[in-house]
Amino acid sequence: MTRHIAISEELLRQLIRNREINWAGNRVLKIYGTLRCGSGKRMKKENRVFFKSTTEAVGAGFRPCGHCLPAEYRKWKKEDGNHIL
């Protein structure tokens, strides 16, 4: 997991180009989604984190975004009825 405030914009673009960053997340809400997600683009920079894979995001305790990953979100929600939203 890479925090947005810990890297420069230039390095961020390079990591995305090199496919070392493929997903973004909100570290406060523990939600991850695509880099193009409208919800993710509106979050504060200090809350934004980046992941190489969904496995990394899930391993860090993040859940899929209901807006940009609706199928994955429904699957996550169905797997455990104890989720608090």
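Reader: How do you know that strand E2 and strand E3 pair, and in which sense do they run, parallel or antiparallel?

Author: This is a predicted model, and everything that follows is computed from it. Two strands count as paired if at least two bridges are found between them; strand E2 (residues 23-26) and strand E3 (residues 31-34) have 4 bridges and run in the antiparallel sense, so by the cut-off of at least two bridges they pair. Within this pairing, Gly-25 stands opposite Tyr-32 in E3, and the bridge partner of Asn-26 is Ile-31. The two strands form a hairpin with 4 residues between them, and Lys-30 in the turn has a positive phi of about 60°.

Reader: What makes the pairing of E1 and E4 count, and how many bridges does it have?

Author: E1 and E4 are joined in the antiparallel sense over 2 bridges, and the pairing counts because at least two bridges are needed. Thr-2 stands opposite Phe-50 in E4.

Reader: Which strands are called edge strands, and what makes them so?

Author: The 5 strands form an open sheet in the order E1-E4-E2-E3-E5, with mixed pairing. Strand E1 (2-3) and strand E5 (63-64) are the edge strands, as each pairs on one side only.

Reader: Why is Val-58 called partly exposed?

Author: Val-58, found in helix H3 (residues 54-59), has a relative accessibility of 48%. Because buried means under 20% and exposed means over 50%, the value of 48% puts Val-58 in the partly exposed class. Val-58 and Leu-12 are 46 residues apart in sequence and 21 Å apart in space, C-alpha to C-alpha.

Reader: Why is the contact of Lys-45 with Glu-9 called a salt bridge?

Author: Side chains of opposite charge can pair when their charged atoms come close. For Lys-45 and Glu-9 the distance is 3.1 Å, N to O, and because the cut-off is within 4 Å, the contact is a salt bridge. Lys-45 lies in the loop between helix H2 (38-42) and strand E4 (48-51) and Glu-9 in helix H1 (residues 9-17), so the pair ties together parts that are 36 residues apart in sequence. Lys-45 is partly exposed at 37% relative accessible area, and Glu-9 is partly exposed at 34%. A search of the whole structure finds 1 salt bridge.

Reader: How do you know which residues line the largest pocket, and how many are there?

Author: Lining residues have an atom within 4 Å of a pocket point, and for the largest pocket there are 22 of them, with Cys-37, Ser-39, Gly-40, Lys-41 and Met-43 nearest its centre. The elements that give two or more residues to this lining are E2, E3, H2 and E4, and the largest share, 4 residues, comes from E3. The volume of the largest pocket is about 360 Å³, and its lining has 11 nonpolar, 8 polar and 3 charged residues.

Reader: What lines the second largest pocket?

Author: Its lining includes Tyr-32, Val-58, Phe-62 and Trp-76, and the largest share, 4 residues, comes from helix H4 (residues 70-79). About 170 Å³ of space lies in the second largest pocket.

Reader: What makes the chain as compact as a globular protein of its length?

Author: The chain has 4 helices and 5 strands, following the pattern β-α-β-β-α-β-α-β-α along the sequence. Its radius of gyration is 13 Å, close to the 12 Å that the globule rule gives for 85 residues, so the chain is as compact as a globular protein of that length.

Conventions: Residues are numbered from 1 along each chain as its sequence is written. This is a predicted model: local features need pLDDT of at least 70, side-chain atom pairs count only at pLDDT 80 or more; totals for chains, interfaces and linings use all residues. Side-chain values use heavy atoms; hydrogens and water are left out. A salt bridge is a side-chain nitrogen of Lys or Arg within 4 Å of a carboxyl oxygen of Asp or Glu. Buried means under 20% relative accessible area, exposed over 50%, partly exposed in between (1.4 Å probe, protein chains only). On a 1 Å grid over the protein atoms alone, a cavity is a set of points where a 1.4 Å probe fits but cannot get out, and a pocket is an open set with protein on both sides within 12 Å along at least five of seven lines; lining residues have an atom within 4 Å of a point. Grid points are joined across faces, edges and corners, and a volume is the space filled by probe spheres set on the points. Ala, Val, Leu, Ile, Met, Phe, Trp, Tyr, Cys and Pro count as nonpolar, Asp, Glu, Lys and Arg as charged, and the others, Gly among them, as polar. The radius of gyration is taken over C-alpha atoms; the globule rule is 2.2 Å times the number of residues to the power 0.38.
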